[in-house]
Amino acid sequence: MLVAAIPGGASTFLKMDQKALVRDSAGVVQGEVIAVSSFWDKSGRIVVTEAQVRVEDSVFGNVPSVVVVRTFGGKVGNFVVEAHGFPTFRKSERVLPYLEAEEDGAMRVTGYQQGQFRLVRDKAGIEWAVPATDEGVNIVTRDGREAAPSKSIRLDVLKQSIRNEARQAGRPMLEN
């Protein structure tokens, strides 16, 4: 839920915990971005970006092997729209997004950047999920206080936590 815009390019969003992200998502996937394209929407007034994510693991939910994830902003020719707090994607990066379906079959990231993690491997070979929240974003609690920033978490721990939350919420689970 977008709450307000703050001068200086910052955006403010209401904090979503994992329970809310799972509740509001059709699924969560781990995958690699295989293509990114930006274009004008049908109205010709809004720049959007679509990322194709090849699914390596469906953490929960029934999703195809390649998911199209759409977000606001991007670059078309020399026209650039930066939307602080909205997900961004780069070809070849690995991500873990919480996804909600749009009417046309594409997906969007639940909770804006709060529902997106970038996946990195450390020198010991351990995979980490790094929150994708950029510096131009303020996350606040329902009472208006600034929320503590999300921290990196081991990918296996995050995925197990998401699966546990999804089971508790009665969400459909695929057998691994």
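1. Basis. The model is predicted: local features need pLDDT of at least 70, side-chain atom pairs count only at pLDDT 80 or more, and totals for chains, interfaces and linings use all residues. Residues are numbered from 1 along each chain as its sequence is written, and side-chain values use heavy atoms, with hydrogens and water left out.

2. Aromatic pairs. The structure holds three aromatic pairs. Rings of Phe, Tyr and Trp (its six-membered ring) pair if their centres lie within 6.5 Å; planes under 30 degrees apart count as stacked, over 60 as edge-to-face and the rest as tilted. The rings of Phe72 and Phe86 have centres 5.5 Å apart and planes at 55 degrees, so this pair is tilted. Phe72 belongs to strand 5 (residues 66-72) and Phe86 to the loop between strand 7 (79-81) and strand 8 (94-101), 14 residues apart. Strands (E, at least two residues) are DSSP runs, numbered from the N terminus.

3. The cluster. Phe86 also pairs with Tyr112, edge-to-face, at 4.8 Å centre to centre and 75 degrees between the planes. Tyr112 lies in the loop between strand 9 (107-109) and strand 10 (116-121), so the pair ties together parts 26 residues apart in sequence. Phe72, Phe86 and Tyr112 form one aromatic cluster.

4. Buried means under 20% relative accessible area, exposed over 50%, and partly exposed in between (1.4 Å probe, protein chains only). Phe86 is buried at 17%, whereas Phe72 is partly exposed at 35% and Tyr112 is partly exposed at 24%.

5. Arg118. Arg118 lies in strand 10 and is buried, with 15% relative accessibility. Its side chain makes a polar contact with the side chain of Thr88 at 2.8 Å, and another of 2.8 Å joins the side chains of Arg118 and Glu93. A polar contact is a pair of N or O atoms within 3.5 Å; within protein, one must be able to donate a hydrogen and the other to accept it, and residues adjacent in sequence count only if both atoms are side-chain atoms.

6. Strand 8. Six of the eight residues of strand 8 are buried, so the strand is largely enclosed by the rest of the structure. Strands pair if DSSP finds at least two bridges between them. Strand 8 pairs antiparallel with strand 3 (residues 27-40) over four bridges, with strand 10 over three bridges and with strand 9 over three bridges. In strand 10, Phe117 is the bridge partner of Leu96.
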